[in-house]
Amino acid sequence: MLASSQPPNFGKDGHFLAFSKMISFFSIMAADMSSTNNSTPSSSSNGDEVTTATAVTAIILSIVVGVVIIVIVFLIVRCYQKTRSQSANIAVAAAAEETVNAPGSTPPSISIAVTNDSSAAAEPIERFLDDMMRDKPMRFTAQDLERFTQNYDQKLGFGGFGVVYKGRFPNGVPVAVKVLKAAMNKRAEEQFMAEVGTIGRTNHINLVKLYGFCFDRSIKALVYEYMENGSLDRFLFDENHRIPWGKLQEIALGTAKGIRYLHEECQQKIVHYDIKPANVLLTTNFNPKVADFGLAKFCDRERSYVTLTGGRGTPGYAAPELWMPIPVTHKCDVYSFGMLLFEILGRRRNLEFLESVESQEFEWFPRWVWQKFEHGEMENIVSACGIEEKDREKAERMCQVALWCVQYQPEARPSMSSVVRMLEGEEEIVPPTNPFQYMTSLSVSPASGTVSENTSTSRGTGTDDSESSSSRPLIRNSA
Ligand SMILES: Nc1ncnc2c1ncn2[C@@H]1O[C@H](COP(=O)(O)OP(=O)(O)OP(=O)(O)O)[C@@H](O)[C@H]1O
Ligand SMILES: [Mg+2]
């Protein structure tokens, strides 16, 4: 039979084709029947009527069967499409749940700690975690954190905001969990939500990524990307963990780019308030990432960390305006970055006590650098810091940028984008002015951040005492 040579196509998109083929199949059948009947030479008129009726019946039958088939095929296709869109919706709903709600509202809780190990179940979890790492911070429960950290098994360190533990997501990605100590009032809680939303949306190669947070009654914590080499201070101040100065210069530049992003490039300007080597973390390849930005806004530091800075910043790095009646802007970060640059330059702490803290005999490296610079002895700085000839130009540039960053007047300090350009050698550096002039009229202790009126300046940077200060052996056995 003609019709049987090509089977109808019942594929996903071929039901119309199937229908038309079905129609032609039955039409041909009907025509066949009709022609068979017509082929009888001795047919009567009665017989003709029967033949016509049979043909009509065959056509109607073929149409009905065709319609039934197309309806069935249509329903099957619809059913298939509906199932697909339902599973897509489930994925979208899961992704939507991770969105942190508006400031002040409580976002929904999501647990990602799934214990099913089968590979079929693992794939969507991987995808889910990948999404999470790219987008907004997730909310975790206290139980999630216990699981990630194996019951807070491994302590990485602690600071003014709390203790940091090492952990691991179910997919094996390592994390650092910072458990916040501060008890929060209602306002602080609202700030927490607002800031976590802002921090979580930052995305830059030189910023530590915030994966998520926990906001339980019993525990408040932040879950960060884990940085294999810990913080920069270890590599600056610990004799056993030295890295080449050239690498330190790259770290300085990367850190500057991270702060530039916070100040100038992210959706909402973020002032860090606590730039220092302990808040610059290093990847396996010693790429720097700035940590702890945004924390100062909603989280008070432990009392032991607070001096006259009113809870923000760390003495020695905090800009004068943080402990003086001068308006505070993002330029306070530029000042702290300048202090960090001095420490990178000298690979030593800026402030070192000569004998004991009680004796008040200390060396303050930034002022020593200024005095040398003022007297045109730049090469002395470079050689005293043990920097090789090949790095000399970069070191001299860094020295001048540092002096600009720590200017007393915030407006006199450069923007971070200018700092980046100067460090890269793309912007000419005008010789800096004395950043410590104010110390000649005020007695300032860089150690504690205390200020008092002073008429006879014993520690000023003016010509009076520059001789005695600069003659001191300032560099601890040159690295
Ligand atoms: N994301 C991280 N990855 C790896 N180690 C980390 C991470 N965050 C913090 N640490 C470790 O935990 C230590 C303590 O960090 P923490 O931020 O609590 O203190 P801090 O930086 O010294 O002071 P502050 O409270 O002013 O930030 C760091 O010095 C670092 O070694
Ligand atoms: Mg820190």
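A residue is taken as buried if 20 or more other C-beta atoms lie within 10 Å of its own. By that criterion, 36% of the 479 residues of the protein count as buried in this predicted model. The chain forms 14 helices and 12 strands. Among contacts between residues at least 6 apart in sequence, 65% join residues at least 24 apart.

Two helix pairs were examined. Two packed helices are described by the angle between their axes and the distance between the axes. In one pair, helix H7, residues 245-265, packs against helix H9, residues 331-346, with axes 11 Å apart and an angle of about 175 degrees. Because of this angle, H7 is roughly antiparallel to H9, the threshold for that description being over 145 degrees. On the H7 side, the contact is made by Leu 248, Ala 252, Ala 256, Ile 259 and His 263. H9 contributes Asp 333, Phe 337, Leu 341 and Ile 344. By class, seven of the residues in this contact are nonpolar, one is polar and one is charged.

The other pair consists of helix H12, spanning residues 392-405, and helix H13, spanning residues 416-424. Their axes come within 9 Å and cross at roughly 160 degrees, so H12 is roughly antiparallel to H13. The crossing of H12 with H13 is right-handed. Arg 397, Met 398, Val 401 and Cys 405 of H12 meet Val 419, Met 422 and Leu 423 of H13 in this contact. Six of the residues making the contact of H12 with H13 are nonpolar and one is charged, with no polar residues.

Ligand 1 has 21 residues around it. Of these, Gly 157, Gly 159, Gly 160, Ala 176 and Ala 278 come nearest. Strand S2, residues 154-158, supplies the largest share of the shell, with three residues. By class, the shell around ligand 1 comprises 12 nonpolar, seven polar and two charged residues.

Ser 218 was considered individually. Ser 218 is placed in the loop between strand S5, residues 210-215, and strand S6, residues 220-225. Ser 218 counts as exposed because it has 6 C-beta neighbours inside 10 Å, where the limit for an exposed residue is 12 or fewer. The C-alpha atom of Ser 218 is separated by 7.8 Å from that of Ala 142, although the two residues are 76 residues apart along the chain.

Notes: Residues are numbered from 1 along each chain as its sequence is written. Chains are lettered from A and ligands numbered from 1 in the order in which they are written. This is a predicted model: local features need pLDDT of at least 70, side-chain atom pairs count only at pLDDT 80 or more; totals for chains, interfaces and linings use all residues. Axes are lines fitted to C-alpha atoms, for helices over the stretch in contact, and angles run from 0 to 180 degrees between N-to-C directions. Helices (H or I, at least four residues) and strands (E, at least two) are DSSP runs, numbered from the N terminus. Angles under 35 degrees count as roughly parallel, over 145 as roughly antiparallel, 65 to 115 as roughly perpendicular and the rest as oblique. A crossing is left-handed if the near helix is turned anticlockwise from the far one by less than a right angle, and right-handed if clockwise. Two residues are in contact if their C-beta atoms, placed from the backbone, lie within 7 Å. Ala, Val, Leu, Ile, Met, Phe, Trp, Tyr, Cys and Pro count as nonpolar, Asp, Glu, Lys and Arg as charged, and the others, Gly among them, as polar. A residue is near a molecule or strand if its C-beta atom, placed from the backbone, lies within 6 Å of it.
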